[in-house]
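These are my notebook entries on a single structure.

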Amino acid sequence: MSCQPVRGTRDLLEKELAQHHHLVEQAYRIMPLYGYQEIETPIFEYTSVFQRSLGEASDIVGKEMYTFLDRSGESITLRPEGTAAVTRAILSAGLTQTLPQKRFYKGPMFRHERPQKGRYRQFYQLGVECFGIAQSFVDVECIALANQLLQQWKIQDYTLTINTLGDQESRQAYRQALINYFRRYVQDLSHDSQLRLERNPLRIFDSKDPKDQALFPEAPAFEDFLNASSRQFFDQVLKGLQDLHIPFTHNQRLVRGIDYYCHTAFEFTVKGLEAAQNTVLAGGRYDGLMEQLGGPSLPGIGWACGLDRLALLLPPCLTPPSSLRIAVIAMGEEFQSVALQWAQTLRQQFFSVEMPFHGNVSKRLKAADKAGCQIALLFGEDEYKTHQVKVRHLMNDQLEKEKLVALSDIVSYLSSFRKA
Ligand code: ATP
Ligand code: MG
């Protein structure tokens, strides 16, 4: 048996786990300010949930999903993203009657991709979905929420790029123009893009192949195919961002890799990561999605961010947590039970307590120091007779190294060393 985790997956230990927790904790503070409530869906769904929503031609459905038949012969897929699952859950709970629905989620997602730094087969996303508001102000609000989070997380040097994919009429016209253009160069296109040309030519812009990219500058621009209402919608979104002083770049080549997007599409990229993995948060409007999954026609917008990539950008000094750690040490076997009782009392008062138990007292003190304890309480006969405990400061040189404190005062004594 191999001890290695499955390729593209990894165990999260102290540092990374603390970073993930930090990211999520900050999100818990910010989400309610914008009216978002949490939702948690299963990590697997019937395959059709993703097939119907993401589109057969998407990279995710085409080559990245973990799909298998379970023991009942049902086709099951480990969720590759959150939007389709949340949409399914809202439908299933009958929540489309109570609008708007503003939900956020977090958790692992699964995609069979080539693993590299910032790209894993099990990775973690945090995302929001808002259903039931068609007006452009909610696009602005949704981006403002992402922006506030990135600031709260102290992510440096990020850029917001935005584009419009227009309404269906505009997309249809643009699609035809792209087919006409790329057909002239079909021989020069990569194999993937030749397939995209038939299924969804907009996706050619997603290609990272230099041969494809060479054809982009001369390709027709979406702007020239937007109808008046799509253009007006996009102008309102851009004006809203300007009003909130959120800087952005308009990039006409920004497309999203999934079928259900329309109108606003956006992404936040950072300088600190490799170009192929530098998008930390991405989203857009998906007005047709709910209907595609068998529900009513309801507008929707959302985004998802990659916690693994964000964690790579956080300062390492985030950990360890700064709470006071106390060592409770019995000076002799007969004091072990009284030491345990005091450990329990302190834990109930939210102190973190270590109980080193190997070797003599000096070995135990060394172990306490190694475990990061700032203070040790030593329980022994003399002290116990006088209802006192010996307190030893392990780290702070300014303080008296050792003193006796009355047992009745010990909680308040320790509390005075707690960090704010
Ligand atoms: P990319 O172009 O990097 O493959 P994507 O368009 O497939 O991204 P989305 O489906 O929009 O990504 O997911 C939103 C975010 O989730 C991404 O911006 C990224 O931060 C993160 N993400 C996506 N796939 C992975 C992965 N395999 N490993 C780690 N993070 C990922
Ligand atoms: Mg991808």
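**Entry 1: helix α4**

I listed the buried residues of α4 and found Thr83, Ala84, Ala85, Val86, Thr87, Ala89 and Ile90. I take buried as under 20% relative accessible area, exposed as over 50% and partly exposed as in between, with a 1.4 Å probe and protein chains only. The helix spans residues 83–92 and is mostly covered, with seven of its ten residues buried. Helices (H or I, at least four residues) and strands (E, at least two) are DSSP runs numbered from the N terminus.

I then looked up what covers these residues: the cover includes β2 (44–46), α2 (47–54), β5 (101–110), β6 and α10 (289–292). Contact here means heavy atoms within 4.5 Å.

**Entry 2: conventions**

I note that the model is predicted, that local features need pLDDT of at least 70 and side-chain atom pairs pLDDT 80 or more, and that totals for chains, interfaces and linings use all residues. Residues are numbered from 1 along each chain as its sequence is written, chains are lettered from A and ligands numbered from 1 in the order in which they are written, and side-chain values use heavy atoms, leaving out hydrogens and water.

**Entry 3: ligand 1**

Which residues come nearest to ligand 1? Of the 17 residues around ligand 1, I recorded Arg111, Glu113, Arg119, Arg256 and Thr279 as the nearest. A residue is near if one of its heavy atoms lies within 4 Å.

I next searched for polar contacts, that is, pairs of N or O atoms within 3.5 Å; within protein, one atom must be able to donate a hydrogen and the other to accept it, and residues adjacent in sequence count only if both atoms are side-chain atoms. In the side chain of Glu113, an N or O atom is 2.6 Å from a nitrogen atom of ligand 1. For Gln125, a side-chain N or O atom is 3.0 Å from an oxygen atom of the ligand. Gly306 places a backbone N or O atom 3.4 Å from a ligand oxygen atom. The protein buries 87% of the 580 Å² that ligand 1 exposes when taken alone; these areas come from the Shrake-Rupley method with a 1.4 Å probe.

I sorted the shell by element: β6 (122–131), β10 (279–285) and β11 (300–306) each supply at least two residues. Strand β10 gives the largest share, four residues. By class, I found seven nonpolar, four polar and six charged residues in the shell.

**Entry 4: domains**

The chain is divided into domain 1 (14–167 + 227–317) and domain 2 (325–415), with bounds from an automatic or database domain assignment. I noted 49 Å between their C-alpha centres.

**Entry 5: His263**

Is His263 buried or exposed? His263 counts as buried because its relative accessibility is 11%. This residue lies in strand β9 (residues 262–270). Leaving aside neighbours within four places in sequence, I found His263 in contact with residues including Asn163, Asp167, Phe233, Arg285 and Asp287.

**Entry 6: backbone angles**

Most residues other than glycine have a negative phi, and most peptide bonds are trans. I looked for departures. The peptide bond from Leu99 to Pro100 is cis, with omega near -5°, and Pro100 is found in the loop between α4 and β5. Lys154 has a positive phi near 60° and sits in the loop between α5 (137–152) and β7 (158–164). His387 has a positive phi near 55°; His387 is exposed, with a relative accessible area of 57%.

Definitions and conventions: Nonpolar A, V, L, I, M, F, W, Y, C, P; charged D, E, K, R; others polar.
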